[in-house]
Amino acid sequence: KMKKNFLLSILVLIFLISCGGEKKGSQTGGKGEKVVLKVGAWNDAGDALKKVATAFEKTHPDVKIEIIESDSNYTKLTPALVSNQGAPDIIQAQARDFQSFLIKFPKQFYDLTEKMQKDGLADKFLPASIENVKGNGKIYAMPWDIGPTALYYRKDMFEKANIDPKSIETWDDFIEAGKKIQAANPGVNMTGYSEDNDFFHMLFNQLGGTYVKDNKISVNSPEAVKAFELMKKMQAANILINVKDWNGRIIALNNSKIATVIFPVWYSGTLVNAVADQKGKWGLIELPAFEKGGNRQANLGGSVLIISEQSKNKEIAYEFLKFALATVEGEDIMMEFGLFPAYTPYYSAPSFKVNNEYFGGMDINTFFAGLTNTIPEINYGAIMLDAQTPLNNMTTSVMGGKDINTALKEASTAISQSTQLEEAK
């Protein structure tokens, strides 16, 4: 019995030592052990972070960064936030969703305000991006990439119709040019939209529309009406086709059925990779304005990186965020993956200026950087996790013939019912 108790004591001691060592290692690295930093991300963003992690580990040999595959619907993340356990140290979220997270999980994200102010970073990101990561005036995430939009156009199709792209200053100019381009290029449509609210969103943002105002749902607004009226006008002029989805647009492009694409900077990588044989045929101009001299900028997409309050390694997580999103070395890697930075000092880095052979040697990075200074701020509020289906249905129904005001009212009511927020009067 004594022997049995002795063995039991030894086993308990070994267990306690191993637990203590593991705890110490996970928090501080322990002697000879690495701090393991877990980062939840998806697709190109996850691949970019893997490469950034490799560079970071070279100067931080006591850190091991693991990229955990997550998804844009947050199916793994949400239960971890609800239960307050199991969240990665660093979390990727779409910029549009972050305000929803702040409202739904108010104590789950690490306050970066003091650190970013001390490092002089609070004013180094685009104003619209930094405003989006604030709650009650405090910064709870670091802005990552953005999606300044432009008009991609087929040079050969424009030349055939004798259209100078620079002459397109307004959307009315765009419609008239579209008619001529289609007449000169049989079987071609001026542009296309897909059955989501991307095209609507770009126009809505360009006009200064916002989804939430004074904590009320404000999608049913004059800006939304104006955006849809333009889309219907294009449809009536037969210059806008429904490409159905992401792949539908790529098929149409490969078959030379579309003369223009209205999309953000990140679509340049899709053209380079998915429509490779059209190298040299594409050019870029800024968006047409609603009226001559009006705003020609808008944003679509973008992400943020968040440090979880659950993390035991917040200091090193912040160092990784700084390296990834606020250094030339980190942003050089992001640009390889088409992630256009919200960090403005990078726009003057020599490595930022690259002549892109696909676009005829044009420095497209500098071009898009020039399309970021008048992007209207947009308030997504806490609705976007619940609003995507009503918003997509809204676009589909309007383009299918439903009255614009009716469709906007229905979308607003549906979002109100799922979020319990009032509709703006």
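This short talk concerns lysine 124 and several salt bridges in the structure above.

The model is predicted, so local features need pLDDT of at least 70 and side-chain atom pairs count only at pLDDT 80 or more, while totals for chains, interfaces and linings use all residues. Residues are numbered from 1 along each chain as its sequence is written, and side-chain values use heavy atoms, with hydrogens and water left out.

I begin with lysine 124. This residue sits in the loop between helix H5 (113–118) and helix H6 (127–132); helices (H or I, at least four residues) and strands (E, at least two) are DSSP runs, numbered from the N terminus. Lysine 124 is partly exposed, at 31% relative accessibility, where buried means under 20% relative accessible area, exposed over 50%, and partly exposed in between (1.4 Å probe, protein chains only). Apart from neighbours within four places in sequence, lysine 124 is in contact (heavy atoms within 4.5 Å) with Ala342, Tyr343, Thr344 and Pro345.

I turn now to salt bridges. A salt bridge is a side-chain nitrogen of Lys or Arg within 4 Å of a carboxyl oxygen of Asp or Glu, and by this rule the count is 18. One of them joins lysine 104 to aspartate 386, with the closest N and O atoms 3.4 Å apart. This pair links distant parts of the chain, helix H4 (residues 98–104) and helix H16 (residues 384–399), the two residues being 282 residues apart. Lysine 104 is partly exposed at 41%, and aspartate 386 is partly exposed at 28%.

Finally, Asp119, Glu319 and Lys322 are linked in a network of salt bridges.
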